[in-house]
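Biologist: I am new to reading models like this one. Can we go through some features step by step?

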Amino acid sequence: LKYSLEEAQRHDISQINPIKKKIKTLTDERNSIKNSSKNATITIEKPFTGLNTIIFALNNGDELIYKTSPKEYEPFYLELNEDKITLHPVNKTITLN
């Protein structure tokens, strides 16, 4: 679309606005997908039994790991800050760049 916009600016001004709208729509959609993890919810419909390992994996290869006990486990959640992600109740933290 970048090249289509450049061509429209040179040859067909009437196509500039539709191309800009398409670029904005795709950019918004991409940002929505990238930011969706900030609002993600994990729902467990059936309790875990036995030892379980829950792994939160980031795109850069970092992982936050929560291992449950054989009989029960505490509720777990992620705390998101500008510069880090912390997995509670184990308080494991990954620093973001």
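Biologist: In which strand is the place of Ile55?

Modeller: First, a caution: this is a predicted model. Now your residue. Ile55 sits in strand E1.

Biologist: Is Ile55 buried, partly exposed or exposed?

Modeller: Look at the relative accessible area. Under 20% is buried, and over 50% is exposed. Ile55 comes to 44%, so Ile55 is partly exposed.

Biologist: What does Ile55 touch, beyond residues up to four places away in sequence?

Modeller: Ile55 touches Glu63, Leu64 and Ile65. Take Ile65. Ile55 and Ile65 are 10 residues apart in sequence. In space, their C-alpha atoms are 4.5 Å apart.

Biologist: Now the inside. Which residues make up the largest nonpolar core?

Modeller: There are 8 residues in this core. They are Ile54, Phe56, Leu64, Tyr66, Phe76, Ile85, Leu87 and Ile94.

Biologist: Which elements give two or more residues to this core?

Modeller: Three strands do: E1 (53–57), E2 (63–67) and E4 (84–88).

Biologist: Let us turn to sheets. How do strands pair?

Modeller: In general, strands of a sheet pair through backbone hydrogen bonds, and the pairing is parallel or antiparallel. Here, an open sheet of 3 strands runs in the order E3-E4-E5. Its pairing is antiparallel.

Biologist: Which strands are the edge strands?

Modeller: Strand E3 (77–80) and strand E5 (92–95) are the edges. Each pairs on one side only. The twist averages 20° from one strand to the next.

Biologist: Over how many bridges do E4 and E5 pair?

Modeller: E4 and E5 pair over 4 bridges, in the antiparallel sense. Find Leu87 in the view. Leu87 stands opposite Lys92 in E5. Leu87 is also one of the core residues.

Biologist: What about His88? Is His88 buried or exposed?

Modeller: His88 lies in strand E4. Its relative accessibility is 13%, so His88 counts as buried.

Biologist: Which residues is His88 in contact with, leaving aside neighbours within four places in sequence?

Modeller: His88 is in contact with Pro75, Phe76, Tyr77 and Glu79. Phe76 belongs to the core we listed. Compare Glu74 for distance. His88 and Glu74 are 14 residues apart in sequence and 9.2 Å apart in space, C-alpha to C-alpha.

Biologist: With which side chain does the side chain of His88 make a polar contact?

Modeller: With the side chain of Asn91, at 2.7 Å.

Biologist: Last topic: charges. How many salt bridges does the count come to?

Modeller: Start with the general idea. Side chains of opposite charge can pair when their charged atoms come close. In this model the count is 2 salt bridges.

Biologist: With which residue does Arg10 form a salt bridge?

Modeller: Arg10 pairs with Glu7, and their closest N and O atoms are 2.9 Å apart. Both sit in helix H1 (residues 2–11). They are 3 residues apart, so about one helical turn separates them. Arg10 is exposed, with a relative accessible area of 55%. Glu7 is partly exposed at 39%.

Biologist: And which residue forms a salt bridge with Asp28?

Modeller: Lys24 does, with the closest N and O atoms 2.8 Å apart. Asp28 and Lys24 are 4 residues apart in helix H2 (residues 16–35). Again, about one helical turn separates the two. Asp28 has a relative accessible area of 39%, so Asp28 is partly exposed. Lys24 has 52%, so Lys24 is exposed.

Definitions and conventions:
Residues are numbered from 1 along each chain as its sequence is written. This is a predicted model: local features need pLDDT of at least 70, side-chain atom pairs count only at pLDDT 80 or more; totals for chains, interfaces and linings use all residues. Side-chain values use heavy atoms; hydrogens and water are left out. A nonpolar core is a set of buried Ala, Val, Leu, Ile, Met, Phe, Trp, Tyr and Cys residues joined through side-chain atoms within 4.5 Å. Buried means under 20% relative accessible area, exposed over 50%, partly exposed in between (1.4 Å probe, protein chains only). A salt bridge is a side-chain nitrogen of Lys or Arg within 4 Å of a carboxyl oxygen of Asp or Glu. Contact means heavy atoms within 4.5 Å. A polar contact is a pair of N or O atoms within 3.5 Å; within protein, one must be able to donate a hydrogen and the other to accept it, and residues adjacent in sequence count only if both atoms are side-chain atoms. Two strands pair if DSSP finds at least two bridges between them. Axes are lines fitted to C-alpha atoms, for helices over the stretch in contact, and angles run from 0 to 180 degrees between N-to-C directions.
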